[in-house]
Amino acid sequence: MTTKTHFETRAIQATEPHEDQTGSVANAIYPSTTFKRETDGSYQSGFIYTRDDNPNRQLLEQALAELEGGSRAFAFASGMAAISAMLQTLQCGDHVILPDDAYYSVHAAAKEVFERWGLTHSLVDMTDLNAVRSAINEQTRLIWLESPSNPLLKVSDIRTVTQLAHQHNALCVVDNTWCTPVLQQPLALGADAVMYSTTKYFGGHSDCLSGALVLNPKAPEELTTRLKHIQKLSGAVPSPFDCWLITRGIKTLKLRLMQQTTNASQLAGFLDQHPAIDAVHYPGLTSHPQHAIAAAQMTHGFGAMMSVQYADKASSMALTGRLKLFTAATSLGGVESLIEHRKSVEGDASLTPDNLLRISVGIEHIDDLIADWTDALNG
Ligand SMILES: *Cc1c(COP(=O)(O)O)cnc(C)c1O
């Protein structure tokens, strides 16, 4: 048996073609929605209909489970479809704890969709364990974590929050989109599942919308069964082509993310020293309030996302126009650097500071990225 202990090696091995008769080294794409049935009614290939399963989705799900150390992965048509599937495993009357600082559509889905189906929720500062403790009630069945969080990069203690959840018969699920298994392994810290917008780092090229859930082998068996039903019956599955793109993305995930993380750490250091910048939110800075927790639970660095606060709303928006290498666009995790004035996307009700710019650092040369900021801040 060859050693497959390193992520880089496992990422290649787990995404190679399975039982391909052609000798093809790259994966084929199977767009077929349906599969041939034998006269006795059986399906020799094991595939019936693409909403139930498809060779490209199967390969992707097996690779995601393998890389995360999970028992099982479920791929979805978007990160939000993965989040909705997890919330749909709950029932009317259940209570969910969500981070006060989190991907904005998670709050919106809880309020605009799931409240009407009887799911209650509380928004809690997950860096404050006493606040988490006092938010738990008899009906709490799920604690949702996002660490580092969006857009303020707050870091929560995944192991301790998971223990709190388990003491109260609730699950803990971590949105690990900003880290991927390269930078953080929530299942090893006890979480029941991780959720991904694979649209971001897994895809890595801003050209594929998709999501996933990966389950801890120790998670309740019932969770797997429920998710299997929801994936198939709600029907928000990714296309074979999208599965193929994410499978391909996995092969270079670590290379890209390490370069992005190295760039981000240098850019954060530069911006932190710059007199015109009021604040830099990046867990790699020793001044970050939860730097020690981040250092203990993140591996290979602190990620490629950060937020900065600059002057006021109008000046910060104008600054995005002066940067040449950072495209002003929402989303993150692609090879190209992006910048976004977050509050104008989230809307007036959002608690995000008016002068906050969220940055997704790409794989460009760091000297060019820093020169771009120097020029933009001087201009
Ligand atoms: C983008 C994102 C999502 C939502 O994913 P979609 O693929 O856009 O549906 C959820 N969580 C985080 C942290 C994200 O960055």
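The sections below go from the basis of the values to the fold and then to charged pairs.

## Basis

This is a predicted model, in which local features need pLDDT of at least 70, side-chain atom pairs count only at pLDDT 80 or more, and totals for chains, interfaces and linings use all residues. Residues are numbered from 1 along each chain as its sequence is written, and side-chain values use heavy atoms, with hydrogens and water left out.

## Overall form

The protein has 13 helices and 12 strands, taken as DSSP runs (H or I, at least four residues, for helices; E, at least two, for strands) and numbered from the N terminus. The C-alpha trace spans about 75 × 55 × 40 Å along its principal axes. Of the 379 residues, 53% are buried, where buried means under 20% relative accessible area, exposed over 50% and partly exposed in between (1.4 Å probe, protein chains only).

## Salt bridges

The whole structure holds 11 salt bridges, each a side-chain nitrogen of Lys or Arg within 4 Å of a carboxyl oxygen of Asp or Glu. One of them joins Arg10 and Glu66 at 3.9 Å, N to O. Arg10 is in helix α1 and Glu66 in helix α2, 56 residues apart. Arg10 counts as buried at 18% relative accessibility, and Glu66 as partly exposed at 34%.

Asp52 pairs with Lys232, with the closest N and O atoms 3.8 Å apart. Asp52 lies in the loop between α1 and α2 and Lys232 in helix α8, so this bridge ties together parts 180 residues apart in sequence. Within helix α2, Arg57 and Glu61 are four residues apart, about one helical turn; their salt bridge has an N to O distance of 3.4 Å.
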